[in-house]
Amino acid sequence: LTYAAGAVVNVSSSVHHAALSDLVVRDGRHAGIAAAATVGLAIERVEVRAVGTHAIDLTGARDAVVRDSVVEDVGCSGIRATGGEAATLTAGNVTVARNRVRHFAQWKRSYMPGIYFGGVSNAYTGNDVSWSPHNCIMGGGDFEDAVEITVANNTVSDCTFETGDAGAFYTCGQRGTAFVNRGNVLRNNTFARIRNTAGLGVQIASNQAVYLDDQMSGWRVEHNRFVDCHVGALVGGGRRNTIVDNSFVRCGTV
């Protein structure tokens, strides 16, 4: 059984096809909702506020959904939702939709995104993710395999303000997993105010709204809008990456 010590709400991996709805979860020292490796779990209209680590942990799930929920003021990640297996092309069928995620990474300041994605045949759509010192949406590659992932119709704003060489949407293939990732789509998202505003440290490097780092492959970036960003999109090598029909307004580099 999966059990996360100290979580406010724990959902065991032996619980199938359950629902958590219309709850306020707050003021925990560790995770808000820990529900890794569950099947058929629906988390709807839930508020998670002021917890020490991750707000909602739904990693390794199948046929699961997080929607119409609010995450604010948490120590680490907002919503971590993955499922499926790339090696066997087993679908996760995980959906993260219409959530508002703000003011996360309050304790651990880097690599703690508002939405953490990965797996096979999962969708992250219609979310509002904002106010992060580092990444707003992160996954795939080094972190989780990503095959046929859809990230669409999200609003991403005010990210990377405390870091350098960072991406509001970030995925990285440095460990040699880049070519496993394929068939992914980043579509109809809006990225606004993606810049460093807190000052640079030892490294002077650009911040990107979309950062396909270190040979990351298999992404189609289309019909997105970039407004007031240091760099719109950076492709660090890789294969089968397409960037088409995007709009760039007041960006330092397209």
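A disulfide is a pair of cysteine sulfur atoms within 2.5 Å. I start my notebook with that cut-off, and I keep in mind that this is a predicted model.

**Entry 1: cysteines**

How many disulfides does a search of the whole structure find? I got one. Cys136 and Cys159 are the partners, with their sulfur atoms 1.8 Å apart. Then I asked where the two cysteines sit. Cys136 is in the loop between strand E16 (128-132) and strand E17 (137-139), while Cys159 belongs to strand E20 (residues 155-159). The pair links distant parts of the chain, 23 residues apart. Are these two buried or exposed? Cys136 has a relative accessible area of 0%, so I wrote "buried". Cys159 has a relative accessible area of 0% as well, so I put it down as buried too.

I did not want to forget the other cysteines. Cys172 is in no disulfide, and the nearest cysteine sulfur, that of Cys136, is 18 Å away. Cys172 is buried, with a relative accessible area of 3%. Cys229 is buried at a relative accessible area of 0%.

**Entry 2: the nonpolar core**

I turned to the inside of the model. A general point for my notes: in soluble globular proteins, nonpolar side chains tend to be buried together. Here the largest nonpolar core holds 53 residues. Which members touch the most other members? I listed Ile33, Val48, Ile56, Phe169, Phe191, Val210 and Trp219. The largest share of this core, three residues, comes from strand E24 (residues 208-213). Another core, of five residues, lies apart from it; among them are Tyr116, Met138, Cys172 and Tyr211.

Leaving aside neighbours within four places in sequence, Trp219 is in contact with residues including Phe117, Ile149, Val151, Phe169, Leu186 and Leu212.

**Entry 3: rings**

How many aromatic pairs does the structure hold? I wrote down ten. A pair of aromatic rings is described by the distance of the centres and the angle of the planes. For Phe117 and Phe169 I noted 5.5 Å centre to centre and 5° between the planes, a stacked pair. Phe117 is in strand E14 (residues 115-120) and Phe169 in strand E21 (residues 167-172), 52 residues apart, so this pair too links distant parts of the chain. Phe117 counts as buried at 0% relative accessibility, and Phe169 is buried with a relative accessible area of 0%.

Ring pairs also link Tyr111, Phe143, Tyr170 and Tyr211 into a cluster. I then looked for charges over rings. The charged end of Arg80 sits over the ring of Tyr116, 4.0 Å from its centre. Arg239 has its charged end over the ring of Phe179, 4.2 Å from the centre.

Asn122 was next, in the loop between E14 and strand E15 (123-125). Its relative accessible area is 2%, so Asn122 is buried. What does the side chain of Asn122 reach? I found the backbone oxygen of Gly118, at 2.8 Å. Beyond its neighbours within four places in sequence, Asn122 is in contact with residues including Thr82, Gly92, Asn93 and Glu148.

Ser12 is in the loop between strand E1 (9-10) and strand E2 (19-21). Its relative accessibility of 19% made me check the rule: buried means under 20%, so Ser12 counts as buried. The side chain of Ser12 makes a polar contact with the side chain of Ser14, at 2.9 Å.

I ended with Val96, in strand E12 (residues 95-97). Val96 is buried, at a relative accessible area of 0%. Not counting residues up to four places away in sequence, Val96 touches residues including Val66, Ile79, Ala81, Ile115 and Tyr124. The C-alpha atoms of Val96 and Arg26 are separated by 20 Å, and the two residues are 70 residues apart along the chain.

Note on methods:
Residues are numbered from 1 along each chain as its sequence is written. This is a predicted model: local features need pLDDT of at least 70, side-chain atom pairs count only at pLDDT 80 or more; totals for chains, interfaces and linings use all residues. Side-chain values use heavy atoms; hydrogens and water are left out. A nonpolar core is a set of buried Ala, Val, Leu, Ile, Met, Phe, Trp, Tyr and Cys residues joined through side-chain atoms within 4.5 Å. Buried means under 20% relative accessible area, exposed over 50%, partly exposed in between (1.4 Å probe, protein chains only). Helices (H or I, at least four residues) and strands (E, at least two) are DSSP runs, numbered from the N terminus. Contact means heavy atoms within 4.5 Å. Rings of Phe, Tyr and Trp (its six-membered ring) pair if their centres lie within 6.5 Å; planes under 30 degrees apart count as stacked, over 60 as edge-to-face and the rest as tilted. A charge sits over a ring if NZ of Lys or CZ of Arg is within 6 Å of the ring centre and within 35 degrees of the ring normal. A polar contact is a pair of N or O atoms within 3.5 Å; within protein, one must be able to donate a hydrogen and the other to accept it, and residues adjacent in sequence count only if both atoms are side-chain atoms.
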